[in-house]
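I opened a new notebook for this chain. My plan is to start with the whole and then look up single places.

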Amino acid sequence: MKLLIAFFLSFSLHAVCVHEKTILGAQLPKLQKQYDVYAQTEEGSFKKLTKAISIQRYNVQLLPKSEKSFEKSGPFDRYNRKYVEYYTYPRMVKYLDTKREGLDAIGYQIQTVGKSLKGRNLFYVGPKTLDPTKKTIVMFGRHHGDEGTANWIIEGFLNQYINDKSFSDEFQLVLYPMVNPDGAMKKSRYNANGRDLNRSWDKELGEDEIVSIHGHLAPMLKKLSKVVIALDMHGSFEEDFIYRVKRSYKGEDFYNLQQKFIDELGIYDSWQNGNFHLSNGHPKMARLVLVTHYNLHALTHETIRNIRLKNRRGRTKQSLIEQGEAVVTAISNLY
Ligand SMILES: [Zn+2]
């Protein structure tokens, strides 16, 4: 029985892109053995907690201790010798450049909707003229800088979107491929202010990079009448899955709508394989804001973030790209 409990505990710790809890300072030394512990400050930023007052409570995020070979800043050579290539901001710039012509041909544009705190571009890919009545897909990537695999999936998705004319004729795309470029270049979950950008959304607009992105998206969402799905692409620790709200959160029909997508995706994506976790999340998380305030069918897509080059399951960069293509197939079949 003890073993079984231990198994479930470790399982639940890994089935996340971060573990959040409130701790007493006295618990810190034990947690530090396994995790990098980040505590939330009064301003809402996260700072690495190295010392704590034993009777004080702290809201913390626990990230598994980074391996020594994980550079905290570019060019990620050591990382790339061991893991599937880390997806950087320059890669995003270069990739979008190669897609410019293809996007233009289908009536799409790449825009800069703002700058990160360190001055990097916040990209938006969307139609030159928005059609308010067309079926629409909303997608975000990289709220969390260190979750690089999400962007390979987005590449697979966008390539397929451009190439499959019947799909792009039927579905309109609103895409923010890299929300947190500064975090991406520091290999950090947080932005340059130490803010968790996926805990910074709210109806009145959040802060930092989210001001630009939410500010750009909100007026469009007011006009769009047929958003079929909103996907926020992330990277988990040990498994691929989808995060969705609990059955009681928005009723049976909504639950079933989400279940159908999860099942359909699982047919074409053998890594996700129908796997999901229930979480009503944080109220300022993109997914929760989209579900609650915009009434959208929003899900978080999680894929293992650090994939070893030598892995028994045969996962590669190409398999991530194919996961993006699977998203196109599932949407095309369902909506
Ligand atoms: Zn994440």
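My entries follow, from the overall fold down to single residues.

**Entry 1: the whole chain**

I note at the start that this is a predicted model. I looked up the secondary structure and found twelve helices and twelve strands. Next I checked the radius of gyration, which is 19 Å. The globule rule gives 20 Å for 335 residues, so I put the chain down as being as compact as a globular protein of that length. The C-alpha trace spans about 60 × 45 × 45 Å along its principal axes. I then looked up burial: 42% of the 335 residues count as buried.

**Entry 2: helix H5**

I picked helix H5, which covers residues 149–163. It has 15 residues and reaches 22 Å from its first C-alpha to its last. That is close to the 21 Å expected at 1.5 Å a residue.

How many of its 15 residues are buried? I found twelve, and I wrote H5 down as mostly covered. The buried ones include Trp152, Phe157 and Tyr161. Glu155 of H5 is also among them.

**Entry 3: H4 beside H5**

Two packed helices are described by the angle between their axes and the distance between the axes. I looked up both for helix H4 (residues 89–105) and H5. The axes come within 11 Å and cross at roughly 10 degrees. Angles under 35 degrees count as roughly parallel, so H4 is roughly parallel to H5. On the H4 side, the contact is made by Met92, Tyr95, Lys99, Gly102 and Leu103. On the H5 side, I listed Asn151, Glu155, Leu158 and Ile162. I sorted the residues of this contact into five nonpolar, two polar and two charged.

**Entry 4: valine 174**

I found valine 174 in strand S8 (residues 171–176). Is valine 174 buried or exposed? It has 21 C-beta neighbours inside 10 Å, and so counts as buried. Leaving aside neighbours within four places in sequence, valine 174 is in contact with Gly126, Thr136, Val138 and Met220. I also looked up its distance to alanine 230, which is 56 residues apart from valine 174 in sequence. The two are 9.3 Å apart in space, C-alpha to C-alpha.

**Entry 5: two arginines**

Arginine 120 lies in the loop between strand S5 (108–115) and strand S6 (121–127). I counted arginine 120 as buried, because 22 other C-beta atoms lie within 10 Å. Which residues is arginine 120 in contact with, leaving aside its neighbours within four places in sequence? I noted Tyr89, Lys115, Pro181 and Asp182. Proline 181 is 61 residues from arginine 120 along the chain, yet their C-alpha atoms are separated by 6.6 Å.

Arginine 287 is in helix H11. It is buried, with 27 other C-beta atoms within 10 Å. Beyond four places in sequence, its contacts are Asp232, Tyr243, Gly281, Ala298, Leu299 and Thr300. I checked histidine 144 too: it is 143 residues from arginine 287 along the chain, and the C-alpha atoms are separated by 14 Å.

**Entry 6: positive phi**

Most residues other than glycine have a negative phi, and most peptide bonds are trans.

Lysine 187 has a phi of about 50 degrees, although it is not a glycine. I found it in the loop between helix H7 (181–186) and helix H8 (209–223). Lysine 187 counts as buried because it has 20 C-beta neighbours inside 10 Å.

Asparagine 295 has a positive phi of about 55 degrees, and it is not a glycine either. Its loop runs between helix H11 (286–292) and strand S12 (298–304). Asparagine 295 is exposed, with 12 other C-beta atoms within 10 Å.

**Entry 7: isoleucine 55**

My last stop was isoleucine 55, in the loop between strand S3 (46–48) and strand S4 (57–64). Isoleucine 55 is exposed, with 8 other C-beta atoms within 10 Å. Leaving aside neighbours within four places in sequence, I found isoleucine 55 in contact with Leu24 and Gly25. The C-alpha atoms of isoleucine 55 and glycine 25 are separated by 5.8 Å, with the two residues 30 apart along the chain.

Key:
Residues are numbered from 1 along each chain as its sequence is written. This is a predicted model: local features need pLDDT of at least 70, side-chain atom pairs count only at pLDDT 80 or more; totals for chains, interfaces and linings use all residues. Helices (H or I, at least four residues) and strands (E, at least two) are DSSP runs, numbered from the N terminus. The radius of gyration is taken over C-alpha atoms; the globule rule is 2.2 Å times the number of residues to the power 0.38. The expected span of a helix is 1.5 Å times one less than its number of residues. Axes are lines fitted to C-alpha atoms, for helices over the stretch in contact, and angles run from 0 to 180 degrees between N-to-C directions. Angles under 35 degrees count as roughly parallel, over 145 as roughly antiparallel, 65 to 115 as roughly perpendicular and the rest as oblique. Two residues are in contact if their C-beta atoms, placed from the backbone, lie within 7 Å. Ala, Val, Leu, Ile, Met, Phe, Trp, Tyr, Cys and Pro count as nonpolar, Asp, Glu, Lys and Arg as charged, and the others, Gly among them, as polar.
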